[in-house]
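Morning, everyone. I have one structure to walk through today. Please take a look at it before I start.

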Amino acid sequence: MIIYVTVLIIVLILIAVGVMFYLRNQRRTAVEQVELRKDEIKALPFQDELVKVKDLQLKGEAKMKFEDWRYSWQKILKEDLETSEVHINEADEALDRFRFKESSEHIDQSHHVLDDAESRYQQLSAQIDDYVRRAKDDRVKYEECRTIYREAKRDVLANRHQYGDAARPLEENIERFLPALQEYEQFTREGNYESAHYKVNEVHEQMTRLKSDMDEIPLLIRDVQKELPGQFQEIRFGCRDLKVEGYNLDHVKVDSNLQTLKGKLNLVEPLIARLQLDEAEEIIGSINGTLDEMLELVEIEVRAKNNVEKSKELITDELFYAKDMNYTLRTEIEYVRENYYIDEEDIQNVRQYDNEIQSLIAVYDEILSEMSKSAVRYSEVEDNLTYIKDHVSVINMNQEKIQHHLTSLRDYEREAQSHTLKIQSRKEEVFRKLMASNLSSIPERFIIMKNEIDIETREAHELFNKRPMHVEHVRDKVRKVLSMMNNFEQEALTMLDQAAYAEALIQYGNRYRKDHAELNKDLNEAERLFSNNRYKRAVEIAEAAIERVSPGAPAQIEKRMNQMN
């Protein structure tokens, strides 16, 4: 037994040792991978990146940058990679002692150091690329500045008349840029590309602005010497012609405004000569704004005159139409009020409209009189005519409503009388159907409903005969009687249908009385209810009884009766 236990222990120890060696070999692969990564970073082509800088003048700032980048990379190779190597060796030694956790920690630390080294390589490479690219971009801007310099000198020399008094300041400004360009060249020769960058960007911005100013100066001078004076003359002569045609343009203040604008315009050329273009543009913008306001006022007057000419005839027709209609309304009211009640508010409104129309006509005549004068401010005339037009339109609309009401009074009366006759005829027809039916007796409620309709009809006839007739009261009364009649007719016809249906059900059920005692009992009850004028309840009992012995028969009977009706 002891031998077996001993063998088992030896076997377990051998298995454990085998597992330990297997795991160590697995971890050894991770060590080899991190060492391989270290060699890859060590072999990164940083020298190729530094060669890009050698294309520049390797002096001054450029040389300092070059040495700084090379030192930084050498420091990474010396310190970071050595540190990574230390962690790799310690991880390997830990594996030899089967300290797997300690080995993994050293491997992770080695990777962290290599990550940092790789990141710093990317940063240094980006700095070199940015530095070289910026130097090339600055060279392009420098060439653009030289082109602007040559073209600007040529343009001022060849087109001096276009620049006027600004030509000499332009030439002086152009020459001021030459030392700055030479200073840029000096910086680049000395390898001071940072200083050259700030210098060329400053010069490029200034020369671009100079080029824009040179394009703008001839336009400003043309505005000052030709365009704006021409507009001043056009406005002056145009307004003078309009005044001859009868326009009142005093509110435009043409002469005083133009005199003020001329004074402002005289300030512009000296500003252009001093190259103070922003101030010159501001003054020209102010002048154009004032001219636009003046032209807008003039255009308002021209449009107003056209609108006045178009609306005069229409307003004249509207006023005469309102006056004639008012006279017609007053005459018709005097005639109609003998036979029909007229609302006192309508009468007062018609009188008020008469006064308003007379007032509007007086104002309109005054406007026409003012227009016959030598100078007219048509915008004010247009506003006044618009007020008259809107007011008379409201009056005409309200007067038409009153006229429609007056002409409708007779129609309302005839309509009410027609309804009354139809109500009487329908009432007698319904009552004849009740009398001619097989009912044991006419229910008392129908007699009461008939009497109530008769009473209301007599009251309606009394309202017809009353003078002046209040048509609205008559219409309300007739509508009430019509509602009562509709209710009377609907209930009577419904009751007759129920009675006929109940009678048909009882007749159909008589064939089953001998064989079905329960059915006979229900039909007797239905007959009792029928004799007491309770037809709806009689139908319910008879239907239920017949449905028990002959399913579907009540529906067939009801369908047949509906077809007969």
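Where is the place of proline 554? Proline 554 sits in helix 17. Helices here are DSSP runs of H or I with at least four residues, strands are E runs of at least two, and both are numbered from the N terminus.

Some ground rules. This is a predicted model: local features need pLDDT of at least 70, side-chain atom pairs count only at pLDDT 80 or more, and totals for chains, interfaces and linings use all residues. Residues are numbered from 1 along each chain as its sequence is written, and side-chain values use heavy atoms, with hydrogens and water left out.

Back to proline 554. Proline 554 counts as buried, at 5% relative accessibility. Buried means under 20% relative accessible area, exposed means over 50%, and partly exposed is in between, with a 1.4 Å probe and protein chains only. What does proline 554 touch, not counting residues up to four places away in sequence? Tyr501, Leu505, Glu543, Ile546 and Glu547. Contact means heavy atoms within 4.5 Å. Proline 554 and tyrosine 508 are 46 residues apart in sequence, and 9.2 Å apart in space, C-alpha to C-alpha.

Now helix 17 itself, residues 553-564. Helix 17 has 12 residues and reaches 17 Å from first C-alpha to last, close to the 16 Å expected at 1.5 Å a residue. The expected span is 1.5 Å times one less than the number of residues. Its buried residues are Ala553, Pro554, Ile557 and Met561. Seen down the axis of helix 17, these fall within an arc of 100°, so they line one face. The arc is that of the directions from the helix axis to the C-beta atoms. The face turned away from the buried side carries exposed Gln556, Asn562 and Gln563.

Next, helix 16, residues 535-549. Its 15 residues should span 21 Å at 1.5 Å a residue, and its end C-alpha atoms are 22 Å apart, which agrees. Its buried residues are Tyr535, Ala538, Val539, Ile541, Ala542, Ala545 and Ile546.

Step back to the whole chain. There are 17 helices and zero strands. Of the 565 residues, 37% are buried. Take contacts between residues at least 6 apart in sequence: 79% of them join residues at least 24 apart. The chain exposes about 33600 Å², with carbon and sulfur atoms supplying 50% of it. That area comes from the Shrake-Rupley method with a 1.4 Å probe; for residues, only the protein chains shown count as cover.

Now the cores. A nonpolar core is a set of buried Ala, Val, Leu, Ile, Met, Phe, Trp, Tyr and Cys residues joined through side-chain atoms within 4.5 Å. The largest has 76 residues. Those with the most contacts inside it are Met214, Ile217, Phe232, Val268, Ile272, Ile287 and Leu291. Which helix gives the largest share of this core? Helix 10, with 17 residues. Apart from this core lies another, of 39 residues, among them Met485, Met495, Leu496 and Tyr508.

Leaving aside neighbours within four places in sequence, phenylalanine 232 is in contact with Leu258, Leu261, Lys262, Leu265, Ile287 and Leu291.

On to helix 7. At 1.5 Å a residue, its 52 residues should span 76 Å; the end C-alpha atoms are 73 Å apart, which agrees. There is also a kink of about 50° in helix 7, centred on aspartate 223. The bend at a residue is the angle between axes fitted to the seven residues ending there and the seven starting there. Just after helix 7, glycine 246 takes a positive phi of about 110°. Leucine 275 has a positive phi too, of about 60°, although it is not a glycine. Leucine 275 lies in the loop between helix 9 and helix 10.

Between helix 6 and helix 7, the loop holds asparagine 192. Buried or exposed, asparagine 192? Buried, with a relative accessible area of 16%. Asparagine 192 touches Gly60, Glu61 and Phe187, not counting residues up to four places away in sequence.

Last stop: alanine 62, in helix 3, residues 60-96. Alanine 62 is buried, at 0% relative accessible area. Its C-alpha is 6.7 Å from that of tyrosine 193, 131 residues apart in sequence.
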